[in-house]
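This briefing goes through one protein model by topic.

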Amino acid sequence: MVTTLLSLQTPNRCISPFQSLQPTTTSLKTKGAAVPISKLQPTNRTTKITVTERRATSTRRRANDEQMGIPYFCRLVEKRELKSAFRVLERMVDTGGDIPDLIPCSKLMQGLCLTGKMREATRVLEILEESCDGVLGVIAYNFVINGHCNAGNVDMALQLHDRMKVSPTVVTYNILLKGLCNSGKLDRALELLGRMKVARNSITYNTLLKGLCNSGELDRALQLLDQMKAEKFWDGIRRRDPTSNVVPYNILVEGFCKEGRLDEAIKFIKEMPSAYGCNPNVVTYNVLIEGFCKEGRLDDAIELMKVMSSTYGYTPDVFSYNSLIDALCKKKKMDRAMEYIGMMVSQGCLPDIVTFNSLLSGLCKNGKVEAAVKMLNELSRYGCSPTSITYTILIDGLAREGNLSQTMDPFNDLEELGITPNKMAYNSVMYGLCQTGQTDRAIDFLSYMIRKGLKPDNFSYWILIKGIASEGLIEEARELCDELGAREIVINASAKHMLN
C-alpha cells in the first residue's frame, strides 16, 4: 500500500538508454563483403535534374523564404503562437533581414509578458530599440516593466526604467511603485516618489498608501496623507469629482481594521469631515462592519448598520449584509443569519452567491447537510449559480457526515460543468473514505488527483497517514511519514504524535 502511494509522486517513464537512435551505415553485400551504398553510386557522370525536381526545389525555397518573412511572423502573432513567432524574429535578426514594424512586435511582446516569458519579452524590446530609430513609444517599455514587476523582478524593471530612450509617464512610475510596494520595498518606493519627473495622480498616492497599510506602516501612511493635504493635492480632483477623494481614506480605514485597531478606525472616520474635508461613504462603513465581524464584535457591527442608515443616510448593501451573515454563521447563529436574509430581501437587496456560500458552510458545520443540499437546489430562485466554492463546501460537509454516495454527486457535477475540483474537494473525499475505513480507495483517489494535474498538499498526506494508522498499519504509516520527510514534505505534527 505504502509503496503504491509513494510511486505516485514521480511517475516512472523508463526509457532505456539503448533506445536512442544510432547512425547506421546501409550497405549491400558484394562477393561476401559489405560495401557502402555510396561506393556503388556513379561518380563520373552529371546527374540530370528533371523539370519536376526543379519545381519542387523552387517550391521548397519559397516555403523557406515565407517562413523567414514578415507575413509569416504576423500570422504567428495573430494566432498567438508566441514561441514560434519569437524564433522567427530571432532568425530575421540573425540573417540581417527586415524587421517587422512596431505593431506586431508589440503584440508579441505583450503576449510574452502576459504568459510570464520575460526573458523573451525583454529581447523583443531590445530588438525594437535597435530597429525603431528612436520612435519606440513609452507604451512598449511599460508593457515590459509591468511584466517584470508582476514576475517579482522589480530590480530588472528599474534597470529598464533607467535606460528608457523616451521619457517615462506617470503610468510608468505607478507600475514601478506598485511593484516596489508588492515586494515590500517601501523605502525605495517613497524614494522613487520623490524622484518623479512628472505630475503625480490619485493612483500614485493610493498605490503607496495601500502598500504602507498592507505592511502595517499606518503611521507612515498617515504622514503621507498629511503630505497630500499640505500639497492641496485633492483640491483640483474634488472640483471634478467630489466622491473620488474618499478612496485614500478608505484605504486607511481598511489598514486600521486589518491591524485590529478598530477604535482608531472609528476615530479616524469621525475626523474625516473636519480634518480632511471628506465624508465617509458606504464603502467606508462596509470596511468597518467587516472589521467588527472579523474581531467578533457583532453587536458593534449591527449597531453600525443601523447608524449608517438612520444617521448618515446610507442604505446597507449586499457587502454590508454578507459580512454580518458570514460572521453569524461562523458563530453558529443560523437563525439570526436567516433573519438578516429576510431583512435584506425586504429592503430590495438580493443575496448573491457569496451570501449563500456562507449559509451553506454554516449549515454543513452545524450538521444540517440535508438543509444545505436543499438550499443548493433553490439558488436559481435568486438568480444565483453555484461556483466551485459552493460545490466544495457541500462535498466537505457530506464527506464529514460519512455520506460518500451523496458526496460524489456535487463532485461529478463539477466535472460535468467543466470545472476542475480544487484541492480541498479532493482532500474532503479522501477524508471521508479514510473515516469509513476505505483507505485503499482514498489512495486511488489521490492517484486520480495527480493525473488531473493537482499536486497533493501536506493535509492530503496527513489524511492518508491517519487513515493507514487507523487500520492498524502503524509501521506502514511510519514508513510513509519517514519517506515523505526525506522528500522534504512537512507532515502535520499531530500525525507524527499519533504514530509515537
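A residue is called buried when its relative accessible area is under 20%, exposed when that area is over 50%, and partly exposed in between. By that definition, 41% of the 500 residues of the protein count as buried. The model is predicted. Its secondary structure consists of 29 helices and two strands. Among contacts with a separation of 6 or more, 57% are between residues 24 or more positions apart.

**Helix pair α8 and α9**

- Helix α8 covers residues 138-150 and helix α9 covers residues 154-162; their axes are 7 Å apart, and the packing angle is about 160°.
- Angles over 145 degrees count as roughly antiparallel, so α8 is roughly antiparallel to α9.
- The crossing in which α8 passes α9 is left-handed.
- On the α8 side the contact is made by Val144, Ile145, His148 and Cys149, and on the α9 side by Val154, Met156, Ala157, Leu160 and His161.

- The axes of α10 and α11 lie 8 Å apart, and the two helices pack at about 160°.
- α10 and α11 are therefore roughly antiparallel to each other, and their crossing is left-handed.
- Tyr173, Leu176, Leu177, Leu180 and Cys181 are the α10 residues that meet α11, where the partners are Leu186, Arg188, Ala189, Leu192, Leu193 and Arg195.
- Lys185 belongs to the loop between α10 (170-182) and α11 (186-195).
- Lys185 counts as partly exposed because its relative accessibility is 28%.
- Apart from residues up to four places away in sequence, Lys185 touches Asp155 and Leu180; Leu180 is also one of the α10 residues that meet α11.
- The C-alpha atoms of Lys185 and Val154 are 9.5 Å apart in space, although 31 residues separate the two in sequence.
- Val154 is one of the α9 residues that meet α8.

**Helix pair α19 and α20**

- Helix α19 (residues 318-330) and helix α20 (residues 334-346) cross at roughly 165°, and their axes come within 8 Å.
- This makes α19 and α20 roughly antiparallel to each other.
- α19 passes α20 in a crossing that is left-handed.
- The α19 residues in this contact are Val318, Tyr321, Leu324, Ile325, Leu328 and Cys329.
- Their α20 counterparts are Met334, Arg336, Ala337, Tyr340, Ile341, Met343 and Met344.

**Aromatic pairs**

- A search of the whole structure gives 12 aromatic pairs.
- One of them is the tilted pair of Tyr426 and Phe445, with 5.4 Å from centre to centre and 50° between the planes.
- This pair links distant parts of the chain, with Tyr426 in helix α25 (residues 423-435) and Phe445 in helix α26 (residues 439-451), 19 residues apart.
- Tyr426 counts as buried because its relative accessibility is 0%, and Phe445 is likewise buried, with a relative accessible area of 11%.
- Phe459 and Trp462 form a stacked pair, with 5.3 Å from centre to centre and 15° between the planes.
- Both Phe459 and Trp462 are in helix α27 (residues 458-470), three residues apart, which is about one turn of the helix.
- Phe459 is partly exposed at a relative accessible area of 34%, whereas Trp462 counts as buried at 13%.
- Tyr249, Phe256, Phe268 and Tyr276 are joined into a cluster by ring pairs.

**Charges over rings**

- Lys229 has its charged end over the ring of Tyr276, at 5.6 Å from the ring centre; Tyr276 is also a member of the ring cluster.
- Arg400 is placed over the face of Tyr431, 4.6 Å from the ring centre.

**Asn427**

- Asn427 is located in helix α25, the helix that also holds Tyr426.
- Because its relative accessibility is 5%, Asn427 counts as buried.

Key
Residues are numbered from 1 along each chain as its sequence is written. This is a predicted model: local features need pLDDT of at least 70, side-chain atom pairs count only at pLDDT 80 or more; totals for chains, interfaces and linings use all residues. Side-chain values use heavy atoms; hydrogens and water are left out. Rings of Phe, Tyr and Trp (its six-membered ring) pair if their centres lie within 6.5 Å; planes under 30 degrees apart count as stacked, over 60 as edge-to-face and the rest as tilted. Helices (H or I, at least four residues) and strands (E, at least two) are DSSP runs, numbered from the N terminus. Buried means under 20% relative accessible area, exposed over 50%, partly exposed in between (1.4 Å probe, protein chains only). A charge sits over a ring if NZ of Lys or CZ of Arg is within 6 Å of the ring centre and within 35 degrees of the ring normal. Axes are lines fitted to C-alpha atoms, for helices over the stretch in contact, and angles run from 0 to 180 degrees between N-to-C directions. Angles under 35 degrees count as roughly parallel, over 145 as roughly antiparallel, 65 to 115 as roughly perpendicular and the rest as oblique. A crossing is left-handed if the near helix is turned anticlockwise from the far one by less than a right angle, and right-handed if clockwise. Contact means heavy atoms within 4.5 Å.
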